[in-house]
Amino acid sequence: MYAVEVEKLTKIYGSGDTAVTAIADATLQVKPGELVAILGPSGSGKTTLLTSIGLINEPTRGKVIIDGVTVADQGWLAGVDLKRLRREKLGFIFQAHNLIPFLSALENVMVALEINGISSSEAKSRASELLAMLNLGHRLQSYPSSLSGGEAQRVAIARALANKPKVILADEPTAALDTENGKNVMALLKKLAVENHSAILVVTHDHRMVEGFDRIFQVNDGRIMNENRQ
Amino acid sequence: MNLALRDIRYHKGRFILTSIGLGLLLGVVISMGGIYRGLFADALAVLNHTNADIWVVQQDTNGPFAESSRIPEDLKYRIKAVPGVAEASPLSFQTIQIERSGKPYRFFLIGYDLNGFGGPPGIVAGRNIRQKHYEMVAAKAMKLRIGEKIRLGQHDYTVVGLTGKVVSASGDPAAYVSLSDAQQIQFKKDNDAIRNYRARIASDLDREPTLPPAQAALLAKKLSAGAESTHTVNTVVARLAPGAALKKVQQRISRWNHLRPISTQEQTNILTKGMIEKARMQLGLFRIILLTISAVIISLIIYTSTIDKIKVIATLKLIGSQNRVIIGMILQQSLLMGVIAYGIGYGLILLTYEKFPRRIVLEAGDLRGLFVIVMVICTISSFVGIRKALKVEPAEALGG
């Protein structure tokens, strides 16, 4: 079973003469444990593709299936709890880490667990464990403002992993990092994909970071132009 | 995890400063309420301390506080003889302003019959008046020392005792002297005025050719004596005997058509509805304006704080947070700000209310009511922020 399946996904913004097709007939499948890149220039539609898979952006046409659950088929399916699916099956990593500034590193990870109904004490122990695993055991009480770019992105990764999601969606996770930290983050994502058996989709326009991906989808003008296996 | 508290902890400087500002505003609102209650307490202070059932005043007047009233002192005997009256006592009131240490010094002078009632309600230092003349008991607020002398009219009066917080309806502190002293101060003419008055009567009578000189001299003496009499008071107060019917006693006194017997309830209405009504409305209006300003400020603060957290809210929504978590964060912050601001305002007034020039009366019911109003304002104000937060799309978390 695929972790993510997208069939002929189309997203059109606006209508009539002003309609803009951001994604047209995109089809892809990602297996658990795979690290996949969606590569393309700015405005190519890669973030639209990611947000449609991330259950944020309603597709105009086509199907989206997450971990065997069909969530969209010509629009969101009635009766599907998108928030719950996002909580339980998806993890997000952002370009600018998006940590909550008034929470410590530990609390930033805990909040994702508590939102998912995990008790505070269990959330604390799981969050501490995760951060320790990402070599941040000494930064548990640090606020995002005192973390380096690399550290903050690792906390964001820990938050995305907290609920052991089937799919992790990363939007330009290395854009705000220098080359070395960017490579470290990509290596970490590769390791986590294998260890946690999660499908990881990374949107990037940075060709320097494409090493280590299992597959690369090249997106241009809203279409998946080709797929490269590495 | 309480996100509202975490946010406040992180931005505590901003939160504390905002709460202090709002607290000062609420302090003013609390003090306005206290001044309003104080107006009532002041207006009724003498009335309550006198503890009379009936105030007999000049007919067609709302005396002795709202209007001037002059009646003969010896009416006390006639009032006392009315069936149902247990005791009656004459009282004289006047507002006096003198110079003291180069500054205007204003107080309310009460003259009372040393053998009757209506005197100082309680002596907190020194003693009560014992001599018929030249002794005074002053309210503490007059800031006089025991033994200090104060000149009123043609004589010096020695402060022999201090009483608690007795003030006139306009908030001036009260002082007590014997009735005869008060009458002297209020009505006694100086020697030049008496000589002048006597000369005018003699001159008028001289022009009456039908009057023999001996009769004219006798008449002049009688007329002068009447005019120079100080045995006038502003009211005679009466207490009823147990079981006596107030209405019946009032009706009996009313039969003497030059008098008006006012019950304590009627006197209360004259004082509260007539004398302080405008001040009450003014204060009420100020309170409404200040509470509206508070509501606008809280709304603005909560809205600005929500705008600052748009990315946080979008991130929370993206990771699957329920709306109640976000609504709870905004609402709790708003309520907490209200609670802290209220506490600061209340604490401020509690520490300073005795230093206000006018009496501040803080009543538990008013304070509870205001607290509820503040909480309602905070809840309504938070809707502005909540509305904004609920419109935030999770997609706003993406991008740089």
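Predicted model: local features only at pLDDT ≥ 70, side-chain atom pairs only at ≥ 80, totals over all residues.
H2(B) covers residues 12-50, which makes 39 residues. From first C-alpha to last, the helix reaches 53 Å, close to the 57 Å expected at 1.5 Å a residue. It's not straight all the way, though: at B:Leu44, H2(B) bends by about 50°.

Chain B averages a pLDDT of 88, and 98% of its residues score at least 70. For the model, ipTM comes out at 0.81 and pTM at 0.74.

## Where the chains touch

Chain A puts 25 residues into the contact, and chain B puts in 20. On chain A's side, the elements giving two or more residues are helices H1 (46-53), H2 (82-89) and H3 (105-115). H3(A) gives the most, with six residues. Sort that side of chain A by class and you get twelve nonpolar, six polar and seven charged residues.

Nonpolar side chains tend to be buried together in soluble globular proteins. Here, the largest nonpolar core has 118 residues. The members touching the most others are A:Val109, A:Leu131, A:Val155, A:Ile200 and A:Leu201. Take A:Leu201: setting aside neighbours within four places in sequence, its contacts include A:Val4, A:Val30, A:Ile38, A:Leu50 and A:Leu169.

There's also a second, separate core, this one with 47 residues. Among them are B:Ile79, B:Met136, B:Leu162 and B:Ile253.

Methods
Residues numbered from 1 in each chain as written. Chains lettered and ligands numbered in written order. Helix = DSSP H or I, 4+ residues; strand = E, 2+ residues; numbered from the N terminus. Expected span 1.5 Å × (residues − 1). Bend = angle between axes of the 7 residues up to and from the residue. Contact = placed C-beta atoms within 7 Å. Nonpolar A, V, L, I, M, F, W, Y, C, P; charged D, E, K, R; others polar. pLDDT = per-residue confidence, 0-100. Core = buried A, V, L, I, M, F, W, Y, C linked by C-beta atoms within 7 Å. Buried ≥ 20, exposed ≤ 12 C-beta atoms within 10 Å, placed from the backbone.
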